[in-house]
Amino acid sequence: MRIVFFGTPEFAVPSFQALLGEGFDVVAAVTRPDAPQGRSRSTAVPPPVKTAAAAEDVPVLQPPRPSDGEFLARVRALAPDIGVVVAYGHILPPDLLALPRSGMINVHPSLLPELRGAAPVEWAILNGLRQTGVTIMQMEAGLDSGPILLQIPHDIDPDVTSGELSGHLAEMGAQALVETLALLETDNVRPRAQEHARATYAPKLTRETARIRWTDPAERVARVIRALDPKPGAWTELDGREIKLFGSRVVDGRGAPGEIQTTDDGLRIATTADSDHARGGGGGRRPAGGQAAHGRLRLAARPRRTGGPAVHVRSPAALPRLHAITDERIARRPDLAEIAAQLAAGGGEELALHARGRALSGLEHFDLASRLSDYPPTRLFVNDRLDVALAARAAGVHLGRSSLAPVEARRLESSWWIGKSVHDLGEAEAARVGGVDYLLVGPVFPTATHPDREPLGPARLREIAGLGLPVIAIGGMTPERLSEVRDARLHGVAAIRALWDAADPGDAARRMLKELNG
């Protein structure tokens, strides 16, 4: 599939890189011209997509306007099968939309028809939405009005900034894009018309949008500051000088509207009846917060992150010991909920239910993860799909071959348990160096699902466990066979058929854990 990619900012880079990582033929990257910066406007800075394309030797096109005849001729000569548009920054004319054989699709960071327009991430926070997501849409002449091909929802954390939310949605959009293209190649996409009567809009941000009004309720002020963090920054005036505020949250307190109070870690700035506090740290940028009248609300800022990445250390005791993994067949069983409930009764907090299904669509995978999340105190793990893991608030992820590296996955959600499948000592060492938290090792014994794969056996399992990471053994694992690998210093075991197809799933889970606990 020959693809012409249209994109400009950092938000578009994960989608561009995902296309290359999945082996798609990206014949050109179209981006906006280099932007002049600096006081004299004499320094031209390339867009992030241009930088990413140059690193991969992908040809770059930077037309002043996408309607230029010369540019249209160049795209036509590339003979693209499809165009992919991710935050390009220009409205595409109908002549350009019609050039690729299969038209153009767009990655949009909202659940269309909500928040059509230029700034959906910021307006999701400004409007106080509890949920947003990503939409893959077939493009047409209207503003974000084309048929929906795929959608993935994402819950909005109460204190998230637009920069953080944008990062999450960029990664989700990249995975959803790859999923959609795979479905298009097999003719398994069913476009769905948008409900235009439900459309809302996310217009371009203005200076007035970014102005903080201390007479607004505390929650509104907090949302304005978070929605404009890090760019362009919400602003107010202090002693006649404009300052920008970042990283706010609402807290209890008292104070006259507009009153500024210093604290150990910044400033608190009061508003009116539902008032806010601004806390500012040192340096040129001051994080914000606020304070309210007695018994009302105030806003206090979170300190901005500084320095290098923190060392990531996990306690093995918190990792579930029994992992019940699904496949496509199990995911589509009508009695899935009944079996999951029985497994949860037998495994409790030591059980992880894995939403796995490589042939599932994005929506099917999300639906599976949502159903498996309904059995506390068991934990939900998601295999292969980080976008689904984010949307379903999974406790852990199991990385596939095309997934992000562990360090990149951890940037999406620092609380995740991150694991990887390995089949020998070399793969295990590479995964350990890469930063995973646990290893899924197997097959330990012969299995019907992988008859051509040589089983590791207990001796090699012990070698891998000697690397020091928690080892979850998989492949032919039954309660009866656990005694053969008890001295391999396993943390836990995983199974598909031995748990989901058991005559009594709850009893199978209890017997597995009893053998593990010796």
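# Reading a predicted model: strand, helix and barrel

Ile3 lies in strand E1. The model is a predicted one.

Q: Is Ile3 buried or exposed, and why does it count that way?
A: Buried means under 20% relative accessible area. Ile3 has 0% relative accessibility, so Ile3 counts as buried.

Q: Which residues does Ile3 touch, leaving out those up to four places away in sequence?
A: The contacts of Ile3 are Leu19, Phe24, Asp25, Val26, Val27, Ala28, Ile82, Val84 and Leu181. Ala79 follows helix H3 and has a positive phi, near 50°.

Q: Which residues of helix H3 are buried?
A: An α-helix has 3.6 residues a turn, so residues three or four places apart point the same way. Helix H3 covers residues 69–78, and its buried residues are Phe71, Leu72, Val75 and Leu78. These four cover an arc of only 115° around the axis, which puts them on the same side of H3.

Q: What covers the buried residues of H3, and what does the face turned away carry?
A: The cover includes strand E1 (2–7), strand E2 (25–30), strand E5 (60–61) and helix H4 (94–97). On the face turned away from the buried side, H3 carries the exposed residues Gly69, Glu70, Arg76 and Ala77.

Q: How many strands make up the closed barrel, and in what order do they run?
A: Eight strands form the closed barrel, in the order E21-E22-E23-E24-E25-E26-E27-E28, and their pairing is parallel. On average, neighbouring strands of this sheet are turned by 25° against each other, direction ignored.

Q: Which strands does E21 pair with?
A: Strand E21 (residues 322–325) runs parallel to strand E22 (residues 351–355), and four bridges join the two. E21 also pairs in the parallel sense with strand E28 (residues 492–495), over three bridges. His323 shows both pairings: its bridge partner in E22 is Ala352, and in E28 it stands opposite Ala494.

Q: Which way do the residues of E21 point?
A: Leu322 and Ala324 point one way from E21, while His323 and Ile325 point the other way. All of them are buried.

Q: At what angle do helices H9 and H16 pack?
A: Two packed helices are described by the angle between their axes and the distance between the axes. For helix H9 (residues 336–347) and helix H16 (residues 505–516), the angle is about 30° and the axes are 7 Å apart. Angles under 35 degrees count as roughly parallel, and H9 and H16 are therefore roughly parallel to each other. H9 passes H16 in a right-handed crossing. From H9, the contact is made by Ile339, Gln342, Leu343, Ala345, Gly346 and Gly347. From H16, Pro505, Gly506, Ala509, Arg510 and Leu513 take part.

Key:
Residues numbered from 1 in each chain as written. Predicted model: local features only at pLDDT ≥ 70, side-chain atom pairs only at ≥ 80, totals over all residues. Heavy atoms only, no water. Pairing = 2+ DSSP bridges. Axes fitted to C-alpha atoms, helices over the stretch in contact; angles between N-to-C directions. Buried < 20%, exposed > 50% of the residue type's maximum accessible area, 1.4 Å probe, protein only. Arc of directions from axis to C-beta. Contact = heavy atoms within 4.5 Å. Parallel < 35°, antiparallel > 145°, perpendicular 65-115°, else oblique. Left-handed = near helix turned anticlockwise from the far one by under 90°.
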